[in-house]
Amino acid sequence: MSGAALRGEAIVRRHGGLVAVDHVDLDVDHGSVLGVVGPNGAGKSTLLDCLAGTQPVDGGRVLLGDRDITRLDADQRSRLGLVRTFQRSSVFGSLTVAENLRVGAENRRRRGLVRGVLGLPDPAAAEASFVVTDVLRQLGLRPLADRPASALPTGTLRLVELGRALCSRPRVLLLDEPASGLDEAETDQLRDQLLALRDRGLALVVVEHDLELVRELAGSLLVMARGQAIATGPPADVLTRPEVRLAVTGATT
């Protein structure tokens, strides 16, 4: 599969008199990773909200493949294959790992949820079980399938959250600070999983403060400051620019 999986064109988002995202363009292809970096308050998470549909845009367009999804809500975008995770873990602690993943698989097929509420047989339930089993295998979570999420460390919870997103079978995955709270070994494990997803053709947009992780993951970077895109391009090029170093790390040399 080739061509742009996700495109943002001149995206604008205002909060009252504040322009949180100011005419930002982005483009991510199938089987590639776009890293989004910048200081706190740069508008990175708001940009993800605009792409995912959790916040409306005040200007510009969002396209999933060739389809204009600008006016679709987050649920509609998710069912088309555009899925996002959040900075704070949203894993259900009272559920097992497998049950958390099944939430993602069930959300993917809304009619299955309705049948379950009504007590009707659901012929697609076997498909959801297969998806959960497959994702547990992909992420190395099968030994933990029956463990309650509340008993797991932060790094494993991040993988569970990623697994739940994958159970919706996304075409594009938006990740907001996925390495937050992880130690070095957990970050390495996350990096390997994300690279494997990229190699299977998934498009990823990753907002992250860990610049070393971004260097290892992303083929291209979008650097934001004050709601604007101040630089784009390969990490090795972009991260050496003085204006980027100043914006991202505060360093002048």
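User: How many bridges join strand β3 to strand β8?

Analyst: Strands are DSSP runs of E with at least two residues, and helices are runs of H or I with at least four, numbered from the N terminus; two strands pair if DSSP finds at least two bridges between them. Here, four bridges join β3 (residues 33-37) to β8 (residues 203-207), and the two run parallel. L34 has V205 of β8 as its bridge partner, and V36 has V207. This is a predicted model, in which local features need pLDDT of at least 70, side-chain atom pairs count only at pLDDT 80 or more, and totals for chains, interfaces and linings use all residues. Residues are numbered from 1 along each chain as its sequence is written, and side-chain values use heavy atoms, with hydrogens and water left out.

User: In which sense do strand β7 and β8 pair?

Analyst: β7 (residues 172-176) pairs with β8 in the parallel sense, over five bridges.

User: Are the residues of β8 buried or exposed?

Analyst: Buried means under 20% relative accessible area, exposed over 50%, and partly exposed in between (1.4 Å probe, protein chains only). Five of the five residues of β8 are buried, so the strand is largely enclosed by the rest of the structure. A203, V205 and V207 point one way from β8, while L204 and V206 point the other way.

User: What is the order of the strands in the open sheet?

Analyst: The six strands follow the order β6-β7-β8-β3-β9-β10, with mixed pairing. β6 (82-84) and β10 (228-233) each have a single partner strand, so one side of each is left without a neighbour in the sheet.
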